[in-house]
Amino acid sequence: MKLKKIYKYLSLLIFFMITTKSYGEIKIAYFDLNYIMAKSKAGISISKQLSDIKKKNITKLNKMEKDLNSKDKKLIAQKNILSKEDFTQQVKDLRKEAQEYENLRRNLIKDSNNKFIKAQGDLVKKLNPILAKYSEDNKITLILQKKMIVIGKTELDITKDILELTNKEINSIKLN
């Protein structure tokens, strides 16, 4: 009887020893993607290109707006001179132009936002191999984005290293 109990306990002990996997130390690090986007050469390139596009769009929209305002003032000045039908038709035409202006403004904003999102996605795609190589070189098991961390030691922050590697590998991202 005692031999059976010893055999059971020994079997359980061997079973747990075999099935329990022993892992080495899991090394975790994190980086701030927003910082990389703002401070890297590629991120600065994206911001500059987007700023240039916005300035060009604002100039275009301001010109259209001035044109619409001058047409409006001219139409108001001619209200008593024009026939009711002509005046009504010109008001309709002016409203149509104003609607086209609004549509263009919305489309330009949407287009610039889409370009920014696409460029950020391109930067992240190019950043993945850099992170993979860094992880392999430094034997890091897991790299997280800082925004996913509630609290973490500052020694685990690899943002500066990733920024340096990113600046070496990626100089700019073209907005399409």
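Visitor: Where is K139 placed?
Guide: K139 sits in the loop between α4 and β2 (142-145). Please keep in mind that this is a predicted model.

Visitor: Is K139 buried or exposed?
Guide: K139 counts as exposed, because its relative accessibility is 68%, and the cut-off for exposed is over 50%.

Visitor: What is the phi of K139?
Guide: Phi of K139 is near 50°, which is a positive value in a residue other than glycine. As a general point, most residues other than glycine have a negative phi.

Visitor: Let us change topic. How many residues does helix α3 have?
Guide: Helix α3, residues 41-77, has 37 residues. From its first C-alpha to its last it reaches 54 Å, close to the 54 Å expected at 1.5 Å a residue.

Visitor: Which residues of α3 are buried?
Guide: The buried residues in α3 are A42, G43, S45, I46, L50, N57, L61, L68 and L75.

Visitor: And what do the buried residues of α3 pack against?
Guide: They pack against two other helices, α2 (33-39) and α4 (84-137).

Visitor: Now for charges. How many salt bridges does the count come to?
Guide: The count comes to eight salt bridges. In general, side chains of opposite charge can pair when their charged atoms come close.

Visitor: Which residue meets D52 in a salt bridge?
Guide: The side chain of D52 meets that of K48, at 3.3 Å from N to O. Both residues lie in helix α3, four residues apart, or about one turn of the helix.

Visitor: How accessible are D52 and K48?
Guide: D52 counts as partly exposed, at 38% relative accessibility. K48 is exposed, with a relative accessible area of 54%.

Visitor: Which residues of helix α5 are four residues apart and pair up?
Guide: K168 and E164 both lie in helix α5 (residues 159-169), about one turn of the helix apart. Their side chains meet in a salt bridge at 3.9 Å, N to O. K168 is exposed, with a relative accessible area of 62%, whereas E164 is partly exposed at 47%.

Visitor: What does E97 pair with?
Guide: The side chains of E97 and K71 meet in a salt bridge at 2.7 Å, N to O. This pair links distant parts of the chain: E97 is in helix α4 and K71 in helix α3, 26 residues apart. K71 counts as partly exposed at 31% relative accessibility, and E97 is partly exposed at 25%.

Visitor: Which residues are linked with K71 and E97 in a network?
Guide: D67 is linked with K71 and E97 in a network of salt bridges.

Visitor: Apart from its neighbours within four places in sequence, what is E97 in contact with?
Guide: E97 is in contact with L68 and K71. The C-alpha atoms of E97 and L68 are separated by 7.6 Å, although the two residues are 29 residues apart along the chain.

Visitor: Is K115 buried or exposed?
Guide: K115 is buried, because its relative accessible area is 19% and the cut-off for buried is under 20%. K115 lies in helix α4. Leaving aside neighbours within four places in sequence, K115 is in contact with I53, L175 and N176.

Visitor: What about the nonpolar residues? How many are in the largest nonpolar core?
Guide: The largest nonpolar core has 21 residues, and those with the most contacts inside it are F31, L123, L127, I162 and I173. The elements that give two or more residues to this core are β1 (28-31), α2, α3, α4 and α5. The largest share, six residues, comes from α4.

Visitor: What does L123 touch?
Guide: Not counting residues up to four places away in sequence, L123 touches M37, S40, A42, G43, I46, I170 and I173.

Visitor: Which residues are in the core that lies apart from the largest one?
Guide: That other core has seven residues, among them L61, L68, L75 and Y101. Of these, L61, L68 and L75 are buried residues of α3.

Notes
Residues numbered from 1 in each chain as written. Predicted model: local features only at pLDDT ≥ 70, side-chain atom pairs only at ≥ 80, totals over all residues. Heavy atoms only, no water. Expected span 1.5 Å × (residues − 1). Buried < 20%, exposed > 50% of the residue type's maximum accessible area, 1.4 Å probe, protein only. Contact = heavy atoms within 4.5 Å. Core = buried A, V, L, I, M, F, W, Y, C linked by side-chain atoms within 4.5 Å.
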